[in-house]
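Hi everyone, thanks for making time for this.

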Amino acid sequence: MYETPVSLLERIRSGGGDSSWARLDDVFQPMIRRWLAQAGIAPSDVDDISQEVMIITLKKLPEFERQRTGSFRAWLRNVTVNCLRDFRKSARRKPLATDHTHFDQVIAELAAADSGLSRLWNAEHDQNLLRYLLKQVRAQFAQATLKAFTRVVLDERSPDEVAAELGMTVNAVFIAKSRVLAKLRETGAGLIE
C-alpha cells in the first residue's frame, strides 16, 4: 500500500513552497475528479467541487495529524465527503445531474470507513500514486522492463507466466521488477513511504 508520507505533508504545512503543493495537487486532483464523476456530478460541477476539495485540503492541512498509516488517505476522503455534502445541500436549490437517492447513497457509503466504496477509494489512492510515479520514470526504462513490472505488480501475474509471455527468464522478470520499484521509491521520496 502506498502512503502519503509525513515529509511532503509537513513541507506543505510549514509553508514549504508551491512545488510541494503542486505535487500533491498533481497526484490527487485527477483521483478526486474521477470520484466526483462516479458520484454522478455533472461535468460542469466536477471542476468546481474538485477545486473546492483541494482548497479545503490546503487550508485544513495544518490541522491534520497523522495517527496511523493511511490517515491522510482517510482524511482526504472525509474532506471529499464533506464537500459532496455541502454541494448536495446547495444543489437542493438547483437540479442535480443524478437522482438524490443515488447521490445520498454514494455519500453515505464513502463516509463509512469500512464500506466497499471506501475500500475502493483506498485502492484507487494507491493506484493513482503508482500511475503518477510510473509516468515520472517511464522514459528511463526499456519497454520490456516496464511491461514485466506492470504484468507482475499491477496485473498480479506470476513471474513464471510473465517470463514465458515476454520471452524473458524468470530472473530477468525479478530484476525488472526490482529496478522499477527502486526507481519508484527514489522518485516517490517525499510522496510515498
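Let's begin with two tryptophans, Trp35 and Trp121, both of which are buried. Before I go further, please keep in mind that this is a predicted model.

So what do these two residues do with each other? Trp35 and Trp121 form an aromatic pair, and the pair is tilted, with 5.5 Å from centre to centre and 55° between the planes.

Let me step back to the chain as a whole. How many helices and strands do we have? The count is nine helices and zero strands, and reading from the N terminus you simply get α-α-α-α-α-α-α-α-α. The chain has 193 residues, and buried residues make up 45% of them. If you take contacts between residues at least 6 apart in sequence, 65% join residues at least 24 apart.

The largest nonpolar core has 42 residues, and the ones that touch the most other members are Phe28, Ile32, Ile41, Phe72, Leu134 and Leu184. Which elements supply it? Those giving two or more residues are helix 2 (18-38), helix 3 (43-60), helix 4 (71-91), helix 5 (100-111), helix 6 (116-137), helix 7 (143-154) and helix 9 (170-187). There is also a second, separate core of six residues, with Ala148, Val162, Ala163 and Val173 among them.

Two of those names, Ala148 and Val162, come back in my next stop, the contact of helix 7 with helix 8. The axes of helix 7 and helix 8 (residues 159-166) come within 9 Å and cross at roughly 145°, and the crossing is right-handed. On the helix 7 side you'll find Ala144, Lys147, Ala148, Arg151 and Val152, and they meet Pro159, Val162, Glu165 and Leu166 from helix 8. By type, the residues of this contact are six nonpolar, no polar and three charged.

Between these two helices is a loop, and Glu156 is in it. What is its phi? It is near 55°, a positive value in a residue other than glycine. Most residues other than glycine have a negative phi. Is Glu156 buried or exposed? At 68% relative accessibility, Glu156 counts as exposed.

For contrast, look at another loop residue, Leu61, between helix 3 and helix 4. Leu61 is buried, with a relative accessible area of 0%. Leu61 and Phe72 are eleven residues apart in sequence, and their C-alpha atoms are 9.6 Å apart.

Pro43 is in helix 3 and counts as exposed at 69% relative accessibility. From Pro43 to Arg33 is ten residues in sequence and 9.4 Å in space, C-alpha to C-alpha. Arg185 is in helix 9 and is exposed too, with a relative accessible area of 55%. The C-alpha atoms of Arg185 and Leu133 are separated by 8.8 Å, although the two residues are 52 apart along the chain.

Technical notes. Residues numbered from 1 in each chain as written. Predicted model: local features only at pLDDT ≥ 70, side-chain atom pairs only at ≥ 80, totals over all residues. Heavy atoms only, no water. Core = buried A, V, L, I, M, F, W, Y, C linked by side-chain atoms within 4.5 Å. Buried < 20%, exposed > 50% of the residue type's maximum accessible area, 1.4 Å probe, protein only. Helix = DSSP H or I, 4+ residues; strand = E, 2+ residues; numbered from the N terminus. Axes fitted to C-alpha atoms, helices over the stretch in contact; angles between N-to-C directions. Left-handed = near helix turned anticlockwise from the far one by under 90°. Contact = heavy atoms within 4.5 Å. Nonpolar A, V, L, I, M, F, W, Y, C, P; charged D, E, K, R; others polar. Phe/Tyr/Trp six-rings, centres within 6.5 Å; stacked < 30°, edge-to-face > 60°.
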